Amino acid sequence: MHADAVVLDIDGVLVDVADSYRRAIVDSIEHVYDRTIRKEDIQEFKDAGGFNNDWELTYAAALYVLATGEGYDESIDEFTDAIAVEGGGLEAAETVVRDRIGARATQRITDRWDRDRLRDIFQQLYLGAELYRGLEGGEPDLETRGFIHDEPVILDGEGRDRLLAEYDVGVLTGRPEAEAEIALDRVGLDEEIPADHRFTMDDWEEGKPHPRALTTLAERFDADTVVFVGDTLDDVRTAVNASEADSGRTYHGVGVLTGGLTGEEGRRKYDAEGADAVLESINDLPGRLES
């Protein structure tokens, strides 16, 4: 593929988040409600779309757990399939529950559905007590080390240096800005990618797969051809949507198999969404590009 600029997601692309963000989703629900989903179930929510924000995915998974105690008897696969039919995301999850079990049962669930508490526990578990105090500005009630320290770096030094030397490089992530900076520093990109070449959760409301962030980065790079690399179907959908919204440029969506999508099934799902390439890891990207 030809590329003038390369835009990178962080989670599952630059760092492995299986034992950090994904663990925080499962453990937060367990802490608040004494029941939870399996870690492998998280990918079903991701595939349904609209869950680029892991807090919202946590809320939706907790909603499912609560709904099963009020007569909702469908599997997570069926639940997330129904969410996809409704357009994806948290609002769709609420619609699915309400349609299946009715208004009264849904109200009983809503009375117990404490999204603020789920988010707070998520942040305590993910950041750990020290970072929580600094970034959240409060006093944690859990004295934890933080899952953020359990994020192995995927992008190797050779691949990083080649990308920086040959292309304009940007970042498009669902992470909050402060957490993105921590990951980029660990990878060796924080000093290399200026603020105006990044989009984080704090920079736009729409989230993936809305194309605005990607098309804005393309404009800032003055690039004719942009490659966007991610680890979810919504990442590929973002590139596809950008192509539709900005027909004067070419956007290539590239999926990697180092996140929740793996193996031949992962390749099949990426291909079905229109991925231009599927790579074993981000380290294979330089060899597939020409500047």
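**Salt bridges**

I began with Glu40 and Arg38, whose side chains meet in a salt bridge at 3.5 Å, N to O. The model is predicted, so I kept its limits in view: local features need pLDDT of at least 70, side-chain atom pairs count only at pLDDT 80 or more, and totals for chains, interfaces and linings use all residues. Residues are numbered from 1 along each chain as its sequence is written, and side-chain values use heavy atoms, with hydrogens and water left out.

My cut-off for a salt bridge is a side-chain nitrogen of Lys or Arg within 4 Å of a carboxyl oxygen of Asp or Glu. For accessibility I call a residue buried under 20% relative accessible area, exposed over 50%, and partly exposed in between, using a 1.4 Å probe and protein chains only. Glu40 comes out exposed at 51%.

How many salt bridges does the structure hold? I noted 30.

Next I looked at Asp19 and Lys39, which form a salt bridge at 3.0 Å, N to O. This pair links distant parts of the chain, 20 residues apart: Asp19 is in the loop between β1 (5-8) and α1 (21-33), and Lys39 is in the loop between α1 and α2 (42-48). Helices and strands here are DSSP runs numbered from the N terminus (H or I, at least four residues, for helices; E, at least two, for strands). Asp19 is partly exposed at 41% relative accessibility, and Lys39 is partly exposed at 32%.

Arg145 and Asp150 make a salt bridge at 3.1 Å, N to O. Here Arg145 is exposed at 56%, while Asp150 is partly exposed at 29%.

I also found a network of salt bridges that links Asp11, Glu151, Arg175 and Arg186.

**Nonpolar cores**

I count as a nonpolar core a set of buried Ala, Val, Leu, Ile, Met, Phe, Trp, Tyr and Cys residues joined through side-chain atoms within 4.5 Å. The largest has 75 residues, and those with the most contacts inside it include Phe45, Phe79, Trp113 and Leu285. Helix α3 (residues 54-68) gives the most to this core, with eleven residues. Why does the core lie between two domains? Domain 1 (5-16 + 152-290) and domain 2 (18-147) both give residues to it, so it lies between them; the bounds come from an automatic or database domain assignment.

I then listed contacts of Trp113 (heavy atoms within 4.5 Å). Leaving out residues up to four places away in sequence, Trp113 touches Tyr33, Tyr59, Ala62, Leu63, Leu66, Leu90, Glu94 and Leu118.

**Helix α5**

Leu90, from that contact list, is also one of the buried residues of α5, among them Ala93, Val97 and Ile101. The buried residues of α5 pack against α3, α4 (76-85), α6 (103-112) and α7 (115-136). After α5 comes Gly102, with a positive phi near 90°.

**Strands**

I finished with β2 (residues 168-172), where four of the five residues are buried. Strands count as paired if DSSP finds at least two bridges between them. β1 and β2 run parallel, joined by four bridges, and Leu8 has Val171 as its bridge partner in β2. On β3 (residues 198-199), β2 has two bridges, again parallel, and Leu172 stands opposite Phe199.
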